[in-house]
Amino acid sequence: MTRESVQELLQQLHATILSEREHAKALDLAAMAEDRQEKEALLQVIGTIDNLHPDDRHLAQKIQQENLRNAYLFKATLNWIQDTMEFFGRSSAPTTYSQYGVTTNNCVNGRLLSGRI
């Protein structure tokens, strides 16, 4: 594989990673899926390269950083969704006390998410 073709593949991968982030921010899931498929195909081709030219290492590091940024964005988003689901799944009834003054737990979890209101 020539150096120019390797550079072109790396530039395509960089553009795909940036596109994936923009589609994620726009919540365009169909375009994100296309970006993911393109990224996987590019990574398979790039994975066959034995030695990377020293001048291309800077672009490879930039690609790695951008991919990590996407991973952090996706992880933070997933954590936010999980926290939101957990918030709505908590008991909506107030804490009650037994005849001995001890708090008792109510079993009214998840009424909003289960559709039973």
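Me: Happy to start with Asn-67: is Asn-67 buried, partly exposed or exposed?
Reply: Good place to begin, and do keep in mind that this is a predicted model, where local features need pLDDT of at least 70, side-chain atom pairs count only at pLDDT 80 or more, and totals for chains, interfaces and linings use all residues. Residues are numbered from 1 along each chain as its sequence is written, and side-chain values use heavy atoms, with hydrogens and water left out. Buried means under 20% relative accessible area, exposed over 50%, and partly exposed in between (1.4 Å probe, protein chains only). Asn-67 has a relative accessible area of 31%, so the class is partly exposed.

Me: Which residues does Asn-67 contact, leaving aside neighbours within four places in sequence?
Reply: Asn-67 lies in helix H3; helices here are DSSP runs (H or I, at least four residues) and strands are runs of E (at least two), numbered from the N terminus. Its C-alpha atom is 8.6 Å from that of His-14, 53 residues apart along the chain. With contact meaning heavy atoms within 4.5 Å, the partners of Asn-67 are Ile-17 and Lys-39.

Me: How are the axes of H1 and H3 arranged?
Reply: Axes are lines fitted to C-alpha atoms, for helices over the stretch in contact, with angles from 0 to 180 degrees between N-to-C directions. The axes of H1 (residues 3-25) and H3 (residues 57-89) come within 10 Å and cross at roughly 20°. Angles under 35 degrees count as roughly parallel, over 145 as roughly antiparallel, 65 to 115 as roughly perpendicular and the rest as oblique. The crossing angle therefore makes H1 and H3 roughly parallel.

Me: Which residues of H3 make the contact with H1?
Reply: On the H1 side, the contributors include Gln-7, Leu-10 and His-14. The H3 side consists of Leu-59, Lys-62, Ile-63, Glu-66, Asn-67, Arg-69, Asn-70, Leu-73 and Phe-74.

Me: And Thr-16, buried or exposed?
Reply: Thr-16 has its place in helix H1. Its relative accessibility is 4%, so Thr-16 counts as buried.

Me: With which side chain does the side chain of Thr-16 make a polar contact?
Reply: Apart from residues up to four places away in sequence, Thr-16 touches Asp-35, Glu-38, Lys-39 and Leu-42. A polar contact is a pair of N or O atoms within 3.5 Å; within protein, one must be able to donate a hydrogen and the other to accept it, and residues adjacent in sequence count only if both atoms are side-chain atoms. At 3.2 Å, the partner side chain is that of Glu-38.
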